[in-house]
Amino acid sequence: MKKLLTLYSSARATGNTFQLVNTFVRVMPTEVCYLDNMHIEGYDYHYRNQNDDFNGLIEKMLEADIIIFASPVYWYAFTPAFKCFFDRFTDLITLAQQKHKGKKLREKAFYVFATSAHTTLPDSFITPLQQTLSYLGWQYRGLLHINCKTGFDPIVAQSLCERMAKSMVSKPKPSLLSQVGRFAQYMSYYK
């Protein structure tokens, strides 16, 4: 069975995003970490921030097969706690002792769970994450979004969580683009 880790953040610890995560946990067990209770310092060009909770959280991510980022939409973006956490991914590509961890995370599947007061998510919410994951070579696999304009609907959430759980355990079909890219990578070894 796949091991899941859900990282969530919200100014309301038990708000809509928490309810979405809780609904998913009942469908598919996952370890849950509330980012807002963790001490993760901002990115520092001099790396004086190495004694915070960032490295421990990366270790938890390395132990999981599937990682879920869950956030409400705050002014068209993820929460400040997520922005700070994502900025620290720079450590995984610049610090020699961290690079192997960033590369190991390429084997993981990443999903996004979002709550908002809109029928669709703004591009400004999902595009930065997709581009960050793509830049790092991490696998973005999907999105679960719930419109909570009239409140959190547990029936809708249950249905969406069940579909998402089903898609997480099924083997993804590689896209033609990824197959061509893999072929080109293999061919480059023989130059």
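Phe78 touches Phe69, Ser71, Pro72, Phe86, Val112, Phe125 and Leu129, leaving aside residues up to four places away in sequence; contact here means heavy atoms within 4.5 Å. Phe78 is placed in the loop between E3 and H3. At 11% relative accessibility, Phe78 counts as buried, where buried means under 20% relative accessible area, exposed over 50%, and partly exposed in between (1.4 Å probe, protein chains only).

The model is predicted: local features need pLDDT of at least 70, side-chain atom pairs count only at pLDDT 80 or more, and totals for chains, interfaces and linings use all residues. Residues are numbered from 1 along each chain as its sequence is written, and side-chain values use heavy atoms, with hydrogens and water left out.

## Chain and sheet

The chain holds 8 helices and 5 strands. These are DSSP runs numbered from the N terminus (helices H or I, at least four residues; strands E, at least two). Along the sequence they follow the pattern β-α-β-α-β-α-α-α-β-α-β-α-α.

The 5 strands form an open sheet in the order E2-E1-E3-E4-E5, with parallel pairing. Two strands pair if DSSP finds at least two bridges between them. Strand E2 (31–34) and strand E5 (139–147) stand at the edges with a single partner strand each, so one side of each is left without a neighbour in the sheet. Direction ignored, neighbouring strands of this sheet are turned by 20 degrees against each other on average.

Strand E3 (residues 66–72) and strand E4 (residues 109–116) pair in the parallel sense over 7 bridges. Ala70 has Phe113 in E4 as its bridge partner.

## Aromatic pairs

A pair of aromatic rings is described by the distance of the centres and the angle of the planes. Rings of Phe, Tyr and Trp (its six-membered ring) pair if their centres lie within 6.5 Å; planes under 30 degrees apart count as stacked, over 60 as edge-to-face and the rest as tilted. By this rule there are 19 aromatic pairs. Two of them are listed here.

| Pair | Centre to centre | Angle between planes | Class |
|---|---|---|---|
| Phe24 and Phe113 | 5.1 Å | 80 degrees | edge-to-face |
| Phe89 and Trp138 | 4.9 Å | 65 degrees | edge-to-face |

Phe24 lies in helix H1 (residues 16–27) and Phe113 in strand E4, so their pair ties together parts that are 89 residues apart in sequence. Phe24 is buried at 1% relative accessibility, and Phe113 is buried at 1%.

Phe89 lies in the loop between H3 and helix H4 (91–94), while Trp138 lies in the loop between helix H6 (123–136) and E5, so this pair ties together parts that are 49 residues apart in sequence. Phe89 is buried, with a relative accessible area of 2%, and Trp138 is buried at 4%.

Ring pairs also link Phe54, Phe69, Phe78, Phe82, Phe85, Phe86, Phe89, Phe110, Phe125 and Trp138 into a cluster.

## Loop residues

Asp44 is found in the loop between E2 and helix H2 (54–63) and is buried, with a relative accessible area of 13%. A polar atom of the Asp44 side chain lies 2.9 Å from the backbone nitrogen of His46.

Tyr47 lies in the loop between E2 and H2. Its phi is near 55 degrees, a positive value in a residue other than glycine. Tyr47 is partly exposed, with a relative accessible area of 23%.

Trp75 also has a positive phi, about 50 degrees, although it is not a glycine. Trp75 sits in the loop between E3 and H3 and is exposed, with a relative accessible area of 78%.

## Whole chain

Of the 191 residues in the chain, 42% are buried. Among contacts between residues at least 6 apart in sequence, 78% join residues at least 24 apart. The accessible surface of the chain comes to about 11000 Å², and 55% of that belongs to carbon and sulfur atoms. Accessible areas come from the Shrake-Rupley method with a 1.4 Å probe; for residues, only the protein chains shown count as cover.

Note on methods:
Axes are lines fitted to C-alpha atoms, for helices over the stretch in contact, and angles run from 0 to 180 degrees between N-to-C directions. A polar contact is a pair of N or O atoms within 3.5 Å; within protein, one must be able to donate a hydrogen and the other to accept it, and residues adjacent in sequence count only if both atoms are side-chain atoms.
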